[in-house]
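Here's a quick briefing for anyone opening this structure for the first time. Have a look at the model, then read on.

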Amino acid sequence: MANQQEEILQLGLRAREASAAMARAGTQEKNHALQHIGQTLLSSQKEILAANLLDLREAEAGGMSPAMMDRLRLTEERLAAMAGAVGKVAALDDPIGQVDSGQTRPNGLIISRYRVPLGVVGMIYESRPNVTVDAAALCLKSGNACILRGGREAIHTNRALAESIRNAIATCGLPRDAVQLVSDTSRESARAMMRLNGYIDVLIPRGGAGLIRTVVENATVPVIQTGVGNCHVYVDDPCDLVMAEKIIVNAKCSRPSVCNAAETLLVHKNIAPEFLPRAARAMAPYHVELRGCPQTAAILGAAVRPADEQDYATEFNDYILAVKVVDSLEEAVCHIRRYGTGHSEAIVTDSYAHSREFVAGVDAAAVYVNASTRFTDGEEFGLGAEIGISTQKLHTRGPMGLRDLTTIQYVILGSGQIR
């Protein structure tokens with residue numbers, strides 16, 4: 001335990017020193033480093049994919065589910081996409097130094113609000129190697145240093161990625177320690193990060209409900225709660241059933257292991273007899289397990305497992321979908337308010353009035369009308385990449401991009417005023 005605390009403390013000391021240099025770095029310097037990171041990731045492809053293969057073999061031996069294996073897996077195409085995402089971050093406007101507002105007071109003081117870096121950003125996350133690259137790129141562009149602690153499932157991949165990133169940074173004259181990876185993946189290292197007051201300015205957990213709950217409950221440093229996605233698609237009466245079918249198949253089946261995938265399908269009773277059979281047929285090629293209410297079972301028969309209370313509260317991250325037939329839009333909204341996690345919710349409807357009622361009634365970071373929940377993503381929102389999806393309301397909400405990794409500094413210009 002003492003060794004882990006000492007390692008984290010040393011990372012904190014180096015990150016704090018690096019953050020001071022990063023805060024002074026100009027936009028051109030940061031962009032040059034980001035472009036070089038993208039190039040280095042591609043030139044290190046062989047080593048990175050070999051490391052990822054080690055993680056995949058260990059994960060398979062440990063019984064990891066196919067859906068979670070997909071989150072862990074890197075391919076040439078995925079690595080190229082990660083490098084491309086770094087380039088997109090480089091192309092974004094630099095938020096540092098932007099003036100949010102300004103005013104001249106009656107006494108002549110000129111008061112302005114400037115965007116400045118947060119300082120040191122800590123991240124604790126699970127088996128998604130792209131988080132390592134996205135987090136590093138966003139923190140660098142926003143003038144921050146970062147300490148990254150991935151899960152043991154991806155440790156070989158994360159080490160290879162972090163080494164490539166650190167080499168690229170150093171080659172461009174920025175501090176190598178602006179990006180640091182925690183080599184120890186034990187619970188003790190995570191706990192040490194949670195209590196690194198004075199070194200970590202904000203801690204962002206990204207992963208399953210258990211990880212996020214542990215960080216929120218135990219951290220003494222400020223935390224931004226992200227990620228848990230018990231997302232719903234409500235199919236309203238009236239609606240376009242062809243559209244609804246496409247949306248639920250995409251929301252559930254395109255990549256079920258991610259936090260913006262749908263976990264529950266709610267269907268209005270008037271259209272359930274027609275819609276549920278066609279939705280079940282459309283999802284059959286993906287072998288989606290359906291867990292439904294008695295009305296769902298009456299329509300679909302033995303293909304449905306009875307759903308219990310826990311099913312409606314679960315983020316499955318798998319080819320499993322909870323289903324419920326509801327009597328009204330109001331019941332659908334009440335269900336979402338009870339079981340939703342504030343992430344992403346969708347309605348499929350032909351009624352403008354119903355869409356407005358749904359948007360007003362659902363408390364979530366992203367609310368969709370006639371679109372899949374799978375769009376809750378930093379790149380899809382035009383942010384270049386994301387460091388996480390905040391499901392809280394302070395200091396940010398939804399996909400977190402560059403601006404969300406900054407804070408405000410007041411700058412006051414005077415001419416000798418005293419109070």
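**A helix pair and its neighbours**

Start with two helices: H2 (residues 27-43) and H5 (residues 76-91) pack with their axes 8 Å apart, at an angle of about 175°. Angles over 145 degrees count as roughly antiparallel, so that's what H2 is to H5. Keep in mind that this is a predicted model.

**Where H2 meets H5**
- On the H2 side, the contact is made by Asn 31, Leu 34, Gln 35, Ile 37, Gly 38, Leu 41 and Leu 42.
- Across from them, H5 brings in Leu 79, Ala 80, Ala 83, Val 86, Val 89 and Ala 90.
- Sorted by class, this H2–H5 contact has ten nonpolar residues, three polar ones and no charged ones.

**A closer look at H5**
- H5 runs for 16 residues and reaches 23 Å from its first C-alpha to its last, close to the expected 22 Å.
- Which residues of H5 are buried? They're Leu 79, Met 82, Ala 83, Ala 85, Val 86, Val 89 and Ala 90.
- Looking down the axis of H5, those buried residues fall within an arc of 150°, so they line one face of the helix.
- Turned away from that buried side, the other face of H5 carries exposed Glu 77 and Ala 91.
- The buried residues of H5 pack against H2, H3 (45-61), H6 (129-141) and H7 (155-171).

**Over to H6**
- In H6, 13 of the 13 residues are buried, so the rest of the structure largely encloses this helix.
- The end C-alpha atoms of H6 are 19 Å apart, which agrees with the 18 Å its 13 residues should span.
- Just after H6, Gly 143 takes a positive phi of about 80°.

Technical notes:
Residues numbered from 1 in each chain as written. Predicted model: local features only at pLDDT ≥ 70, side-chain atom pairs only at ≥ 80, totals over all residues. Heavy atoms only, no water. Axes fitted to C-alpha atoms, helices over the stretch in contact; angles between N-to-C directions. Helix = DSSP H or I, 4+ residues; strand = E, 2+ residues; numbered from the N terminus. Parallel < 35°, antiparallel > 145°, perpendicular 65-115°, else oblique. Contact = heavy atoms within 4.5 Å. Nonpolar A, V, L, I, M, F, W, Y, C, P; charged D, E, K, R; others polar. Expected span 1.5 Å × (residues − 1). Buried < 20%, exposed > 50% of the residue type's maximum accessible area, 1.4 Å probe, protein only. Arc of directions from axis to C-beta.
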